[in-house]
Amino acid sequence: AGFDLVLASDVIYDSGVVGPLLWTVRALLASERPAKAFLAASFTLEHGTDALVESHLSALGLRWELLFDNLPTGGCRMHEIRLV
């Protein structure tokens, strides 16, 4: 079993979900069948949440790369999350 792709959209609605979400992504990326993980958002995160995400990513040995950001024009923001 396993997954080839993890796609999460609009899941960081509260800072309390950041740790569990990224821990889950880390576990999926480290499986026998590594997945690709993408995180999309159609709204701007609360002030300070990006820094909290960065802190958790670092602690879990992950990093994210901004693929595109169309939020200012009514689109979405997409990151790819990878193991370091």
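**Helix packing and sheet architecture in a predicted model**

The crossing of helices α1 and α2 is right-handed. The axes of α1 and α2 lie 10 Å apart, and the two helices pack at an angle of about 40°. Angles under 35 degrees would count as roughly parallel and those from 65 to 115 as roughly perpendicular, so α1 and α2 are classed as oblique to each other. On the α1 side, the contact is made by Val18, Gly19 and Leu22, which meet Thr49, Leu52, Val53, His56 and Leu57 of α2. Sorted by class, this contact has 5 nonpolar and 3 polar residues, with no charged ones.

Attention now turns to the sheet. It is open and has 4 strands in the order β1-β2-β4-β3, with mixed pairing. Strands β1 (5-9) and β3 (62-69) stand at the edges; each has a single partner strand, so one side of each is left without a neighbour in the sheet. On average, and with direction ignored, neighbouring strands are turned by 20° against each other. In general, strands of a sheet pair through backbone hydrogen bonds, in either a parallel or an antiparallel sense. For β1 and β2 (residues 36-41) the sense is parallel, and the pairing runs over 5 bridges. Within this pair, Ala8 stands opposite Leu39 of β2.

Both helices pack on the sheet, though with their own sets of contacts. Helix α1 (residues 18-29) touches β1, β2, β3 and β4 (77-83), and its direction makes about 55° with that of β4. Helix α2 (residues 49-59) touches β3 and β4, and its direction makes about 140° with that of β3.

His79 belongs to strand β4. With a relative accessible area of 9%, below the 20% cut-off, this histidine counts as buried. Leaving aside residues up to four places away in sequence, His79 touches Ala37, Phe38, Leu39, Trp64, Glu65, Leu66 and Leu67. Leu39, one of these contacts, is also the residue that stands opposite Ala8.

Asp10, by comparison, is found in the loop between β1 and α1. Its relative accessibility is 30%, so Asp10 counts as partly exposed. The backbone is of interest here too: phi of Asp10 is near 55°, a positive value in a residue other than glycine. Most residues other than glycine have a negative phi.

Terms used
Residues are numbered from 1 along each chain as its sequence is written. This is a predicted model: local features need pLDDT of at least 70, side-chain atom pairs count only at pLDDT 80 or more; totals for chains, interfaces and linings use all residues. Side-chain values use heavy atoms; hydrogens and water are left out. Two strands pair if DSSP finds at least two bridges between them. Axes are lines fitted to C-alpha atoms, for helices over the stretch in contact, and angles run from 0 to 180 degrees between N-to-C directions. Contact means heavy atoms within 4.5 Å. Angles under 35 degrees count as roughly parallel, over 145 as roughly antiparallel, 65 to 115 as roughly perpendicular and the rest as oblique. A crossing is left-handed if the near helix is turned anticlockwise from the far one by less than a right angle, and right-handed if clockwise. Ala, Val, Leu, Ile, Met, Phe, Trp, Tyr, Cys and Pro count as nonpolar, Asp, Glu, Lys and Arg as charged, and the others, Gly among them, as polar. Buried means under 20% relative accessible area, exposed over 50%, partly exposed in between (1.4 Å probe, protein chains only).
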